[in-house]
Amino acid sequence: MTVPTEVVPRTIRIAGVLTTLQAVAGLVFVAALLIRSTAPDLGGVGQFERGQMFGEAGYYTLLASGVLATGIGLWKGKHWARTPALLLQLLLLGTAWYAFGPSGQPVIALMIAVPAIAVLWFLFNREGRAWGFHSSTAPDADREE
């Protein structure tokens with residue numbers, strides 16, 4: 001099965017949309033952290049300082065920005081975005097396993113695992129593999145001259 005490199009398979013675009021939605025969820029988490037940092041008493045386990053909350057929000061902003069770039073890259077058919085998307089989904093599956101097993105939060109585990117498995121399926125189905133296989137001949141690939 002040959003797939004022209006100019007045509008981005010529908011499954012890759014769907015994987016890009018799901019990855020972008022994961023980035024949006026990360027940015028919503030950042031917003032929740034920033035809103036929580038305005039509370040007069042931060043509470044929780046141990047003592048939190050506002051600087052720590054801002055640092056945590058900055059860290060997750062950087063991560064979510066990378067995930068967002070990956071999702072947009074997949075949507076646009078950029079072959080470089082496939083590897084970061086695969087790595088992200090594998091990390092999320094590990095997180096889902098921890099949420100399901102040791103943490104005892106099966107609902108949260110499913111909310112993390114289902115999109116991750118879907119993205120992996122979209123990237124590894126027949127169209128996704130054929131598209132990824134032709135990455136060395138893609139218009140956005142680096143050329144040796």
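Guide: The crossing of α2 and α3 is left-handed.

The geometry of the pair may be considered next. The model is a predicted one. Helix α2 covers residues 50–76 and helix α3 covers residues 82–100. Their axes lie 9 Å apart, and the two helices pack at an angle of about 125 degrees. An angle of 65 to 115 degrees would count as roughly perpendicular and one over 145 as roughly antiparallel; α2 and α3 are therefore oblique to each other.

G73 has its place in helix α2. Its relative accessibility is 3%, and G73 therefore counts as buried, the limit for that class being under 20%. Leaving aside residues up to four places away in sequence, G73 touches K78, W80 and A81. A further relation concerns T19: 54 residues separate G73 from T19 along the chain, yet their C-alpha atoms are separated by 9.9 Å.

T11 is found in helix α1, which comprises residues 10–36. With a relative accessibility of 9%, T11 also counts as buried. Not counting residues up to four places away in sequence, T11 is in contact with F122, N125, E127 and G128.

The whole chain supplies the setting for these details. The chain contains 5 helices and 0 strands, and from the N terminus on its elements follow the order α-α-α-α-α. Of the 145 residues in the chain, 33% are buried, and G73 and T11 are among them. Where contacts join residues at least 6 apart in sequence, 67% of these contacts link residues at least 24 apart. Finally, the chain exposes about 9300 Å², of which carbon and sulfur atoms supply 68%.

Conventions. Residues are numbered from 1 along each chain as its sequence is written. This is a predicted model: local features need pLDDT of at least 70, side-chain atom pairs count only at pLDDT 80 or more; totals for chains, interfaces and linings use all residues. Side-chain values use heavy atoms; hydrogens and water are left out. Axes are lines fitted to C-alpha atoms, for helices over the stretch in contact, and angles run from 0 to 180 degrees between N-to-C directions. Helices (H or I, at least four residues) and strands (E, at least two) are DSSP runs, numbered from the N terminus. Angles under 35 degrees count as roughly parallel, over 145 as roughly antiparallel, 65 to 115 as roughly perpendicular and the rest as oblique. A crossing is left-handed if the near helix is turned anticlockwise from the far one by less than a right angle, and right-handed if clockwise. Buried means under 20% relative accessible area, exposed over 50%, partly exposed in between (1.4 Å probe, protein chains only). Contact means heavy atoms within 4.5 Å. Accessible areas come from the Shrake-Rupley method with a 1.4 Å probe; for residues, only the protein chains shown count as cover.
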